[in-house]
Amino acid sequence: MQLSLELFVETPETSIDFYRRVLGFDSQGSSSAEYTMLKNGDAVIAINSRSVLSTDHPLRIDTGQRAGLGAEIVLKVADVEGAYLAAKESGWPVSDLALQPWGLRDFRLVDPDGYYVRVTSRHTS
C-alpha cells in the first residue's frame, strides 16, 4: 500500500513553491493552476486549487480558515539533519530539530495553508 495526499489550497503557486523550495519536492507530469503532482522519494502530494471544490464539498473552507485541522503530515526522511538545514536555509519558519522521547528526531512547520508538517527520521547514536 502507498499513500498519496491531495491538499486543497488557496493559492496553488504558493503551495507548490513551499513544497519544492522548503521540503525538496519535484513536480511530476504537467502542472496547472488547478492540479499539480509533487514527489519526493515515495511521498506524493497533489496540490489542488480549493476553487475546484463545489460549495457543498466536505473539504470546502472559507478564505482565512485554517486547513488540515486534526491531521499531521509526517514525512519520513533518511537525513533529517539535511532536510532541516535545507528548510532553515529557505527562510521558512521551522521548529528546532529535536530528539523525541520515542526515539525519533524531527522538526515541524506549517505550510502556507495551515497544514501541519513533521519531518522525521530514526535517531542513530
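Which residue in β4 is the bridge partner of S4? The structure is a predicted model, in which local features need pLDDT of at least 70 and side-chain atom pairs count only at pLDDT 80 or more, while totals for chains, interfaces and linings use all residues. Residues are numbered from 1 along each chain as its sequence is written, and side-chain values use heavy atoms, with hydrogens and water left out.

The partner of S4 in β4 is V44. Helices (H or I, at least four residues) and strands (E, at least two) are DSSP runs, numbered from the N terminus; two strands pair if DSSP finds at least two bridges between them. Strands β1 and β4 run parallel and are joined by 6 bridges. They belong to an open sheet of 4 strands with mixed pairing, in the order β1-β4-β3-β2. Strands β1 and β2 (26-28) form the edges, each pairing on one side only. From one strand to the next, the twist averages 35°. Axes are lines fitted to C-alpha atoms, for helices over the stretch in contact, and angles run from 0 to 180 degrees between N-to-C directions. Helix α1 packs on the sheet and touches β1, β2, β3 and β4, its direction making about 160° with that of β4. Contact here means heavy atoms within 4.5 Å.

Helix α1 spans residues 12-21, and its buried residues are P12, S15, I16, F18 and Y19. Seen down the axis of α1, these residues fall within an arc of 160°, so they line one face of the helix; the arc is that of the directions from the helix axis to the C-beta atoms. Buried denotes under 20% relative accessible area, exposed over 50% and partly exposed in between (1.4 Å probe, protein chains only). The cover over the buried residues of α1 includes β1 (4-9), β3 (35-40), β4 (43-49), β5 (72-76), β7 (104-110) and β8 (116-122).

T36 is placed in strand β3 and counts as buried, at 0% relative accessibility. Not counting residues up to four places away in sequence, T36 touches I16, S27, S31, I45, A46 and I47. A46 lies in strand β4 and is also buried, with a relative accessible area of 3%. With neighbours within four places in sequence left aside, the contacts of A46 are L5, E6, L7, Y35, T36 and M37. A46 and L5 are 41 residues apart along the chain, and their C-alpha atoms are separated by 6.1 Å.

The structure holds 4 aromatic pairs. Rings of Phe, Tyr and Trp (its six-membered ring) pair if their centres lie within 6.5 Å; planes under 30 degrees apart count as stacked, over 60 as edge-to-face and the rest as tilted. The ring centres of Y19 and F25 are 5.9 Å apart and the planes stand at 90°, so the pair is edge-to-face. Y19 is buried at a relative accessible area of 1%, and F25 is buried at 3%. The rings of Y84 and F107 also form an edge-to-face pair, because their centres are 5.3 Å apart and their planes are at 65°. Y84 lies in helix α2 (residues 80-89) and F107 in strand β7, so this pair ties together parts that are 23 residues apart in sequence. Y84 counts as buried at 13% relative accessibility, and F107 is buried with a relative accessible area of 0%. Ring pairs also link F18, Y19, F25 and W92 into a cluster.
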